Protein chains: 2
Amino acid sequence: MSYQVDFEPLGRRLRVGRGISVLTAAQQAGVGLASICGGQGTCGRCKVRVLEGQLSPLSETEGERLNPGEIANGYRLACQAEILSDLKLHIPPQSLTAAQRIQVEGQELTVPVVPVVVGCDVRLPPPTLEDIRSDVDRVRDHLVATLGLSDLIVDFAVLRQLSTRLREWGWSGTVGLRGQEVVSFNPLGHEPLGLAVDLGTTKLAGYLLDLETGRTLAMAGAMNPQIAYGEDVMARIAYAMEGEEQAVTLREGAVGAVNDLARNLCTQSDHLPEEIVEAVVVGNTAMHHLFLGLPVRQLGLAPYLPAVSEALDLKAREVELEIAPGGYVHLLPIIAGFVGADHVAMILSTEICEAEGAVLGLDIGTNTEVVLRANGRLVACSTASGPAFEGAHIKDGMRAAEGAIERLRIVASGVEYQTIGDAPPVGLCGSGVLDAVAQLRQLGVVDERGNMGDHPRVRRTEHGPEFVLVAAEEGGNGRDVVLTRGDIGEIQLAKGAIRAGINILLDEAGLSERDIDGVIIAGAFGTYIDVSSAIAIGMFPPLPLERFNQVGNAAGMGAKLALVSKEQRAKAAEIARQVEYIELTNDSRFVDEFARAMYLK
Amino acid sequence: MSYQVDFEPLGRRLRVGRGISVLTAAQQAGVGLASICGGQGTCGRCKVRVLEGQLSPLSETEGERLNPGEIANGYRLACQAEILSDLKLHIPPQSLTAAQRIQVEGQELTVPVVPVVVGCDVRLPPPTLEDIRSDVDRVRDHLVATLGLSDLIVDFAVLRQLSTRLREWGWSGTVGLRGQEVVSFNPLGHEPLGLAVDLGTTKLAGYLLDLETGRTLAMAGAMNPQIAYGEDVMARIAYAMEGEEQAVTLREGAVGAVNDLARNLCTQSDHLPEEIVEAVVVGNTAMHHLFLGLPVRQLGLAPYLPAVSEALDLKAREVELEIAPGGYVHLLPIIAGFVGADHVAMILSTEICEAEGAVLGLDIGTNTEVVLRANGRLVACSTASGPAFEGAHIKDGMRAAEGAIERLRIVASGVEYQTIGDAPPVGLCGSGVLDAVAQLRQLGVVDERGNMGDHPRVRRTEHGPEFVLVAAEEGGNGRDVVLTRGDIGEIQLAKGAIRAGINILLDEAGLSERDIDGVIIAGAFGTYIDVSSAIAIGMFPPLPLERFNQVGNAAGMGAKLALVSKEQRAKAAEIARQVEYIELTNDSRFVDEFARAMYLK
């Protein structure tokens, strides 16, 4: 007897024998379910939701680890539940390992596809001595007649290729039409592709889409090479202000990274960058300006003004983006100097505007943008949370790469942990650091000021106390993996900034924490973290867990929406107009709130 | 007793004593009146027209040299007429020496000035902590309110400068507004300038205009450096077809020449190229395509198709034109592969479309475009007249530079001539060659086949017979200046091509020569020639001289009109739509007509 098991939204499927656990089935299917305790049912990480089918009855362990709301909604622990029928399961992102969460972001769009560029095949009669229309007129007459356009213009770069290509390709080809403008001319059958990019301060995420279907053909991430010139936006702005050459270096770094990403995506999916006819790039205001080569001095000094805030449609070649020579790059609008197009994209894709009740949205990064939707208003701020959550400034911190501890629990017998790729531990990524601080605080090893008390694993060094999480002999690089007092301080600063931002928005709206109906957590880091750890250290308000929704790279998703839908672009513009911005550095409440929010409680 | 004399349209004025000749007065005023016979009243070149004032009575010589129509219209010979009162005189272009004729082209425009770019001063309130609009919004809000615009966009290159400049210039400056687009931002008080360029196969003419007043601030000519890669358009096309690198060389040559011209014009008038916010470039189809970097292979092969024929508005930076970074270059429309935007400009500025009766328009150059307006139709063709009229392929030919014989008469005592700059003769420019052939034909030294008979000045060389126009001891470079049998053959080919074109257009319209009510002769060469010489060799139909009108650089004037007037641009588009093109290489009548037209009769 065997059953078919479907894992959604990954779309993985396999057949398994009766009675084996969901966790085992997931491992066989290549679904990276989180499991810190190794299937003992004690860590509670491997939650899945049953959509269809039957499992073994709820175990006692599950009754302890799952709350009543979860049980009512069909949640189970994968390590406890045994398969008794064909099964359809939903894996929430929080239950996936980091690498696989990224894959989930590839999920398809749910909006109607109404792209700004459409493909149109042309087959023209060749010229004769009697028919001496110009090459453009020949194309125009055909398209105007076929599509009922009132007029047609041909982009200048396309014009430079058109005559030669028409003759090489036997008077046929596929035109990319953006309104009345021909932005590409490719061989017959090459339908227009689109590129969506989330240009982060630290990382880039790119998506290649079929503009006709809206389907994601490939996705990839990359590091922002600007990082060599400063970890956060202020450092980058300061570098750009040193001189023209430095500004150009940053611009070329960002543009080069996007071009590399585009090439990578095309190689993955067997396409050519020239088939990309439209790009959408979102990023914070500094990334936006540096990418475009706009001046940033005024962004770095109070009152921190962007050069421009509305959405921009630029010829990609004007910014040296190597896609179809006539293609455009669309930049979503900016809200303020420190709330950029990425935040607009996040608000767009998470549909906060349509939410009922009071909803908080957070995009956690080197800068964390916070938005509160309540009483018909959208109020946003930005807060400098620093790079600690990306593993920087943490002694054994590292990026979310193989061997990084992404989850951990301190139990009587020692430390249980899960690493990325199940490799021997070599350091801590952001979510691991967060778990470590939360666990130490909950165990009372660390007090609310962040000071470290006594514990068999605490040792004192000349740089202060540190907690040994993994001993050298167990680790992957022959060194202990530790959490230091300094690391805790970094997390206090980061979480304090975020919590201060949240509190000021609540104050602005006249609400208290308890009034929040939902919290949307966006960004790669936000997707990886254990929300209960974040609550434990006071980064998030102490709300029931089901009010939190970790949505992954919502900015990237917003870029994809704007890529395939004119309506979504219009909506983004409307969002940017609606948002009221609060400049925290200029806000009398900030210093007190920040000081209070640094405590670990 | 002294009188004030005004020379129009040059605007020169001086006071002279009673009774001195107009020629002497003109020489004192620096007005370059043509005078081949040295003031003997025999050459009849120094015609002037009296607008106001009194001169000595008509002399017997004048009665012989001027026809009744000229006398009735107030024409006099400057060498014969003596000044008896204050005087206002009009000097027709034909009576001026070449150098000064060019100056006349600087005359002001007569159309209402409605430029596509207008200047607008802005003075903005600086930002505060309470007013954190983006820099663009600050400019937009001001202009939208001041000018009642519905929206405003800022060109991307201007955007890249805006924030820095606003702060450097104390939140003020002059904006160049093209519709709703900001195309320039310069210091307060720098009004937008415009550049008009006639990009000829051999020469360029450039004009710098004040877009507010339409006034010409400076004008200059330059050689087309492409000439190193071929004298005529076919040679250039062939060179460009050799490869990408060659095509780029030609493009860069043309663009570089226009950039040099723009800088030169700005230096002359104490402006900066960045103040030029709009350019209009006209040229034949090959020059147009090579300047823009469009493919030309299809132009060089039957059926000789342009890549594009409609008017183009391109960002100047896209073609590497170094004007205001956000400025546009407008290219007038093209009629066909060999009737280009320069011809449209010529038809525009000469107002042939509005003419009554049958009017012929010629723009004589390496290619000569001919248009006939008759019976409500506009029919045009192009004919390969070659570079002989520019002094090329002529043994002692030269460009119209100092020492070039521009006019000559063969009289009993020898050869009378006028050189450019009154310098000792060193060669013949086009109009001089034309005069020489006409004089020799009229004297019977040359027969209608172009063969040279006997004459004391004819000598036989191993390369054939030649006529000595100036002996070495009289010349400026120690060599004889001669006209050879071969030179006559070049002129036969050139004039034959032009006349064949004229005849085919007449045939197309069902008209005979006698039906032509007016002939407009455009182009530098056309302005310099003696029309009666051109008639004598059969280049033009034998019509009364008053039906001919030599209008100078009409293409350049058309470019100026399109620069300062949106309506003129619209009219140019309408002209291009109306013109019916006849491809001569594809026309059964051409070979016969050409063979017949080569005879000198």
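Let's start at Pro125(A), which touches Arg133(A) and Arg138(A), leaving aside residues up to four places away in sequence; a contact here means heavy atoms within 4.5 Å. Keep in mind that this is a predicted model, in which local features need pLDDT of at least 70, side-chain atom pairs count only at pLDDT 80 or more, and totals for chains, interfaces and linings use all residues. Residues are numbered from 1 along each chain as its sequence is written, chains are lettered from A and ligands numbered from 1 in the order in which they are written, and side-chain values use heavy atoms, with hydrogens and water left out.

Pro125(A) sits in the loop between strand S6 (117-123) and helix H5 (135-147) of chain A. Helices (H or I, at least four residues) and strands (E, at least two) are DSSP runs, numbered from the N terminus. With 45% relative accessibility, Pro125(A) counts as partly exposed; buried means under 20% relative accessible area, exposed over 50%, and partly exposed in between (1.4 Å probe, protein chains only).

Stepping back, chain A has 18 helices and 27 strands. Of its 601 residues, 61% are buried. Among contacts in chain A with a separation of 6 or more, 67% are between residues 24 or more positions apart.

Now for the charged pairs. The whole structure holds 74 salt bridges over all chains, each being a side-chain nitrogen of Lys or Arg within 4 Å of a carboxyl oxygen of Asp or Glu. In one of them, the side chains of Arg251(A) and Glu320(A) meet at 3.4 Å, N to O. Arg251(A) belongs to helix H8 (residues 244-269) of chain A and Glu320(A) to the loop between strands S14 (312-315) and S15 (328-331) of chain A, so the pair ties together parts that are 69 residues apart in sequence. Arg251(A) is buried at 10% relative accessible area, whereas Glu320(A) is partly exposed at 42%.

Another bridge joins Asp507(A) and Arg589(A), at 2.7 Å, N to O. Here Asp507(A) lies in helix H13 (residues 485-509) of chain A and Arg589(A) in the loop between strand S27 (580-581) and H18 of chain A, so parts 82 residues apart in sequence are tied together.

Helix H18 (residues 590-597) of chain A carries Glu593(A), a buried residue with a relative accessible area of 15%. Not counting residues up to four places away in sequence, Glu593(A) touches Ala500(A), Asn503(A) and Ile504(A).
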